[in-house]
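Good morning, and thank you for joining.

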Amino acid sequence: MAGMLAAAMCVTLFAGAGDAGAKTVKPKLSKKKLELTVGSSKTLKVTKAKGAKLTWKSSSKKTAAVKKSGKYGCKVTGKKKGKATVTCKVKGKKTVTLKCTVNVKAKKKVVDIKTAAPSATPVPTAPAANTSVPSASAAASGNPTIPPVVTLPPAEEGSIRKAYEGIFQYMGSCVNYNAGQQLQDAKTLAFVKKHFNSITLENEMKPDAVLGKEADPLTKEEALALGYVVPDNYTEAVVPRLKFETIDQVLKVAHDNGLKVRAHTLVWHSQTPGWFFTEEYADKKNTTPEIMDARLEFYVRSVMKHVMEKEKELTGEAGSIVYAWDVVNEYLHRMSWGHIWDSVYGNNDMEPSYVKKAFQLAYDMVKQYGVQDKVTLCYNDYDTYFNIDDVVALVDFINAGEAAKICNGIGMQSHVDITRPTLDEYEAALDRFMATGLEVQITELDITINYDHEGKTWQYKNKNETDEDQAAFVKDFMRLVVRKQRERDVNVSPKGITGVTIWGLYDTISWRAQSSPLLFKDSIDSPKPSFQQFLDAAK
């Protein structure tokens, strides 16, 4: 009986402790106050609300609009100057009401480029327009400096590159060397040269293309003889062979045809072979973070060294062909597609050591070759307009404590639909990213119709949307991007948007072919209505 009594007392004590703990775990808002400017957005999140139903409301939708974001989040967008209260009702065992005060400020006014007085100085070339230094008088007045109005030469008939000359430094497309032999076909190459001055390989610079599906081990001596960089902390007996043949051919084609290259990509959770993360490259048990650090250094340094040495061989100068590297791709979405890097390092949320290390290594390489001021190192991701705060926070983490901005570019992939995101959402992202002072590059632009993002199947769905609907959106979208570039404050964003890359040549070879995302239909000879609107938007 004494034993039973003691056990009962223990149960009572533990139950009481559990009840007391439960009372302290209450849902909380990530912020109680928000500062926004008109057109900008920030995300509120509720913590400790597992299993609860959330309802979001704004006291003034005209001042601050709310839109559910994920299971426990809400995106708040400033609509007009004023104050509003965002309320979240959390319905679980008990209903809890959480509130956040939102202060929306007016957007800083800038001079309209159309009314800016023409400059008496000579008209700059495209690169100079993107890197113009603010005048002393403008800086003294405290007014934002607007890039000068550029009088464009007569455009080559129907050329995207010529139409946007003087607005964006680079206009590009993704292409392939082997798949479809796009860069080996004379007609296709002539088309690329007519419309673009930049190319991105769709798949042939990704880790699986360079590393291969299976490990091909070399001794350290063999690797060093091939010019690979094997760091001092690399303790393993073998080094994987790197396949540079296609990259070498592409660099030569680019040089011979006056094209520049975006290098895509060094670190990515997708299209990286699983064996690269396992002990002895045997595709079995995962290796350790210390060994992975050495492999990461080997890979980043070896790939970048090879490319820059090839540039020196072709042109006599490193950094002369590849003007940007996507150092890390889609970190914020790694959990959606498989977290292969996290399987070694663990989930470090917004402070991933291997992401920062990748940028440190990449920056050290461009610094060694003296090209850190002309080669951009980018963090690249999709749906950046729905993850604005996270993108900026990640880039801030990468650059924190560094002597220079080792990540100096934000890549906005821009796989958009004519109804997602809204133009206001895209504009808010551009505003925030340009406000960082970093370069912004629109890296993988395609614009779908009849695409099921509402039902989240992420597939084709007939919604009776037409090529004309796409053309109307393309016109408004590109006019927005051009306006943001021309009207930016160059004191804050010296270079602004430095490039736009369309993700493919025509619909039928696009990765989203069914939803007609590009400017040409089934060949380079079949322009769609959106092609002309894309050209006209530059005017």
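**Charged residues and their pairings**

Lys50, Lys53, Lys57, Lys61, Lys68, Lys71, Lys89 and Lys91 form a positive surface patch. A patch joins like charges within 9 Å, from residues with over 30% relative accessible area and no salt bridge. Strands β4 (53-58) and β7 (82-91) each supply at least two residues of the positive patch; strands are DSSP runs (E, at least two residues) and helices likewise (H or I, at least four). Lys68 belongs to strand β5 (residues 64-69).

This is a predicted model, in which local features need pLDDT of at least 70, side-chain atom pairs count only at pLDDT 80 or more, and totals for chains, interfaces and linings use all residues. Residues are numbered from 1 along each chain as its sequence is written, and side-chain values use heavy atoms, with hydrogens and water left out.

How many salt bridges are there? The count comes to 28 salt bridges, each a side-chain nitrogen of Lys or Arg within 4 Å of a carboxyl oxygen of Asp or Glu. In one of them, Glu297 meets Arg301 at 2.9 Å, N to O. Both residues lie in helix α9 (residues 289-315), four residues apart, about one turn of the helix. Both Glu297 and Arg301 are buried, where buried means under 20% relative accessible area, exposed over 50%, and partly exposed in between (1.4 Å probe, protein chains only).

Lys484 forms a salt bridge with Asp431, at 2.8 Å between the closest N and O atoms. This pair links distant parts of the chain, helix α15 (residues 467-486) and helix α14 (residues 423-435).

Notes:
Patch = residues over 30% accessible without salt bridge, like charges linked within 9 Å, V, L, I, M, F, W, Y side chains within 5 Å. Areas by Shrake-Rupley, 256 points an atom, 1.4 Å probe, with all protein chains shown as cover. Lys, Arg positive; Asp, Glu negative; His and termini not counted. Charge placed at Lys NZ, Arg CZ, Asp CG, Glu CD.
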